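The structure is shown first.

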Amino acid sequence: VRNEVLDLFLDFISDEEHTIILSSHITSDLEHISDYIIFINKGNIVLESSKDEIIDNYGILKCNVDGLDKIDKEDIVSFKKNKYNYEVLINNKTKLSKKYKDFVIDKITLEDLMLLIIKGGK
């Protein structure tokens, strides 16, 4: 049923004369239907951008402890330690993929982004 409702929303906004404001924690729905994202945490706007800019510009750089030390601190938005490595949230992944050629930079989902911003360290 949720997919049917999202399809109705998409039909409604397809003429670009209508807007829907959707508040949701279901990030897959947001990725499916949203053009613009405003991420609010504890009443503060944390991120405000088009969905495409977020997906195109942000990325997750994966590295070990030694790799984390090689990343300039100003290039780190936030990071999270996993069992075997670190996931580092970066912005401007095109530029940083050239700067950090030895690292893997994965695409990001809205869920990854939100978790790394809220739960990640700085």
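## Terms and basis

A salt bridge is a side-chain nitrogen of Lys or Arg within 4 Å of a carboxyl oxygen of Asp or Glu. The model is predicted: local features need pLDDT of at least 70 and side-chain atom pairs pLDDT 80 or more, while totals for chains, interfaces and linings use all residues. Residues are numbered from 1 along each chain as its sequence is written, and side-chain values use heavy atoms, without hydrogens and water.

## Salt bridges

The whole structure holds four salt bridges. One of them joins the side chains of Asp75 and Lys99 at 2.7 Å, N to O. Asp75 lies in the loop between helix 4 (65-70) and strand 4, and Lys99 in helix 5 (residues 93-99), so the pair ties together parts 24 residues apart in sequence. Helices (H or I, at least four residues) and strands (E, at least two) are DSSP runs, numbered from the N terminus.

Asp75 counts as buried at 11% relative accessibility, whereas Lys99 is partly exposed at 41%; buried means under 20% relative accessible area, exposed over 50%, and partly exposed in between (1.4 Å probe, protein chains only).

Asp106 and Lys62 also meet in a salt bridge, at 3.1 Å, N to O. Asp106 belongs to strand 6 and Lys62 to strand 3 (residues 59-63), so this pair links parts 44 residues apart in sequence.

Four strands form an open sheet in the order 4-5-3-6, with antiparallel pairing; strands pair if DSSP finds at least two bridges between them. Strand 4 (78-81) and strand 6 (104-106) are at the edges, each with a single partner strand, so one side of each lacks a neighbour in the sheet.
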